[in-house]
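Please look over the sequence and the structure shown here before reading on.

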Amino acid sequence: MPAISDPAGIVHIYTDGACSGNPGPGGWGALLVWNGHEKEISGGEQDTTNNRMELTAVIRALQTLKKPCVAEIHTDSKYVQQGVNEWLAGWKARGWITAAKKPVKNQDLWQELDNALQRHHVSFHWVKGHAGHPENERADKLATEAIQR
């Protein structure tokens with residue numbers, strides 16, 4: 001399979017996280033689509049939360065890209081989408097403190113995501129979960145199956 005990070009085209013990334021209990025065992029999944037090629041990735045953790053799995057899916061997908069590229073992330077997580085588009089810059093400016101003057105939850109993953117974003121030109125798009133969106137459903141299935149491992 002050719003490198004999915006060819007700068008000539010946009011990489012479409014569909015991500016999802018899942019948790020059995022919250023906290024509890026969790027899984028994440030991502031579908032990367034570029035120029036007619038697809039790649040599925042997934043993984044899980046024994047003791048985690050849904051939000052951590054949502055973040056991990058995006059991080060691992062971006063880390064899968066071999067070269068800097070333009071990517072569109074499609075997620076059903078408003079936490080991830082709003083976090084990147086609305087909150088991240090403020091958290092960083094305040095030293096990883098929220099507007100309510102509390103430490104940012106999942107700071108380790110937000111910092112890892114922030115680092116991964118520096119390498120690529122990424123936009124985030126929210127999609128409604130469990131609404132029949134084929135690629136989102138595939139990412140959900142990957143995440144749910146990863147819990148079982």
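The notes that follow begin with confidence and then go through helices, loops and single residues.

This is a predicted model, and its chain has a mean pLDDT of 93, with 94% of the residues reaching 70 or more.

**Helix 4 and what covers it**

- Helix 4 takes in residues 134–147, which makes 14 residues, and the distance from its first C-alpha to its last is 20 Å, close to the 20 Å expected at 1.5 Å a residue.
- The buried residues of helix 4 are Asn-136, Ala-139, Asp-140, Leu-142, Ala-143, Ala-146 and Ile-147. They lie on the same side of helix 4, because the arc they cover around the axis is only 160°.
- An α-helix has 3.6 residues a turn, so residues three or four places apart point the same way.
- Pro-134 and Lys-141 are exposed, and they sit on the other side of helix 4.
- The cover over the buried residues of helix 4 includes strand 1 (11–19), strand 2 (24–34) and strand 3 (37–48).

**Ile-41, a residue of strand 3**

- Ile-41 belongs to strand 3, and it counts as buried because its relative accessibility is 14%, under the 20% that marks the limit for buried residues.
- Ile-41 and Ala-143 are 102 residues apart in sequence, while their C-alpha atoms are 9.2 Å apart in space.

**Helix 2 and its kink**

- Helix 2 runs over residues 78–93, and its 16 residues should span 22 Å at 1.5 Å a residue, which agrees with the 21 Å between its end C-alpha atoms.
- A kink of about 60° is centred on Trp-87 in helix 2.
- Tyr-79, Val-80, Gln-81, Gly-83, Val-84, Leu-88 and Trp-91 are buried in helix 2, and what covers the buried residues of this helix includes helix 1 (50–64), strand 4 (70–75), helix 3 and strand 5 (121–126).
- Gln-81, which has its place in helix 2, is buried with a relative accessible area of 16%, and it touches Thr-75, Phe-124, His-125 and Trp-126 when residues up to four places away in sequence are not counted.

**The loop between helix 2 and helix 3**

- Just after helix 2, Gly-95 takes a positive phi of about 70°.
- Trp-96, found in the loop between helix 2 and helix 3, has a phi near 65°, a positive value in a residue other than glycine, and it counts as buried at 11% relative accessibility.
- Lys-101 lies in the loop between helix 2 and helix 3 and has a positive phi of about 65° although it is not a glycine; at 70% relative accessibility, Lys-101 counts as exposed.
- Asn-106 is found in the loop between helix 2 and helix 3, the latter covering residues 107–117, and it counts as buried at 17% relative accessibility.
- The side chains of Asn-106 and Arg-52 are joined by a polar contact of 3.1 Å, and the contacts of Asn-106, leaving aside neighbours within four places in sequence, are with Asn-51, Arg-52, Leu-55 and Tyr-79.

**Gln-111 in helix 3**

- Gln-111 has its place in helix 3 and counts as partly exposed, with a relative accessibility of 29%.
- Gln-111 and Trp-96 are 15 residues apart in sequence and 9.1 Å apart in space, from C-alpha to C-alpha.

Terms used
Residues are numbered from 1 along each chain as its sequence is written. This is a predicted model: local features need pLDDT of at least 70, side-chain atom pairs count only at pLDDT 80 or more; totals for chains, interfaces and linings use all residues. Side-chain values use heavy atoms; hydrogens and water are left out. Helices (H or I, at least four residues) and strands (E, at least two) are DSSP runs, numbered from the N terminus. The expected span of a helix is 1.5 Å times one less than its number of residues. Buried means under 20% relative accessible area, exposed over 50%, partly exposed in between (1.4 Å probe, protein chains only). The arc is that of the directions from the helix axis to the C-beta atoms. Contact means heavy atoms within 4.5 Å. A polar contact is a pair of N or O atoms within 3.5 Å; within protein, one must be able to donate a hydrogen and the other to accept it, and residues adjacent in sequence count only if both atoms are side-chain atoms. pLDDT is the predictor's confidence in each residue, from 0 to 100. The bend at a residue is the angle between axes fitted to the seven residues ending there and the seven starting there.
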